[in-house]
Amino acid sequence: MKVVFCHGLEGSPQGRKARALRAAGLDLLAPDFTGMNLAARVATLLPELAAHDGCVLVGSSYGGLTALCGAILHARAGGHVHGLVLCAPALIVHEPPADALDLAPPCPTIAIHGRHDELIPVAAVEAWAAAHPRVRLDVVDDAHVLAHSLDRIVAATRELLAG
């Protein structure tokens, strides 16, 4: 099963998380969203989801919000995402299309968020996770970039691939 990775605002398709997922032997596709706003990212992601229907989608920060919006819109179009791993998702960003969507994940979701995240308050992700029964929140002893949680991200991705 394909894993599609959405990097963050300052990340890249060759960044630390993408490298960790590849090093774990996962079949990874990582589109390049460099310089794109959320709407352009989601528009770029949707054809990839159509081509890899049933994938596990992993997103980091702004890429986490991209992944969540993409999964919702893909499901609305009749597609299927097998699972979502959202790493420090930027749920506090209110711009199209996120501002017009109910951000309820359409599939099993594991959110991994650092207790010491300096950009996205953990309380915002805790409130979102509490409102959505398909979300399991793992709060880790880490900061926003989750540099010390790469093994946890890989493990969550493998768990959803197996589920």
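Trainee: Which residues are buried in helix H1 (residues 16-23)?

Mentor: Lys 17, Ala 18, Ala 20 and Leu 21 are the buried ones in H1. Keep in mind that this is a predicted model.

Trainee: What makes us say these residues sit on the same side of H1?

Mentor: They cover an arc of only 160 degrees around the axis, so they are on the same side of H1. There's a general idea behind it: an α-helix has 3.6 residues a turn, so residues three or four places apart point the same way.

Trainee: And what do the buried residues of H1 pack against?

Mentor: Quite a list: strands E1 (3-6), E2 (28-29), E3 (56-60) and E4 (83-87), along with helix H5 (150-162).

Trainee: Let's move to Leu 137. Where does it lie, and why is it called partly exposed?

Mentor: Leu 137 is in strand E6 (residues 135-140). Its relative accessible area is 24%. Buried means under 20% and exposed means over 50%, so with 24% Leu 137 falls in between and is called partly exposed.

Trainee: How do you know which residues Leu 137 touches?

Mentor: The test is heavy atoms within 4.5 Å. Leaving out residues up to four places away in sequence, Leu 137 touches Ala 111, His 113, Val 125, Glu 126 and Ala 129. As for Thr 109, it is 28 residues from Leu 137 along the chain, with 8.4 Å between their C-alpha atoms.

Trainee: Now the whole chain. How many helices and strands are there, and what pattern do they follow?

Mentor: The protein chain has five helices and six strands. Along the sequence they read β-α-β-α-β-α-β-β-α-β-α.

Trainee: How much of the chain is buried?

Mentor: Of the 163 residues, 53% count as buried. The accessible surface comes to about 6900 Å², and carbon and sulfur atoms hold 55% of that.

Trainee: What share of the contacts is between residues 24 or more positions apart?

Mentor: That share is 76%, taken over contacts with a separation of 6 or more.

Note on methods. Residues numbered from 1 in each chain as written. Predicted model: local features only at pLDDT ≥ 70, side-chain atom pairs only at ≥ 80, totals over all residues. Heavy atoms only, no water. Helix = DSSP H or I, 4+ residues; strand = E, 2+ residues; numbered from the N terminus. Buried < 20%, exposed > 50% of the residue type's maximum accessible area, 1.4 Å probe, protein only. Areas by Shrake-Rupley, 256 points an atom, 1.4 Å probe, with all protein chains shown as cover. Arc of directions from axis to C-beta.
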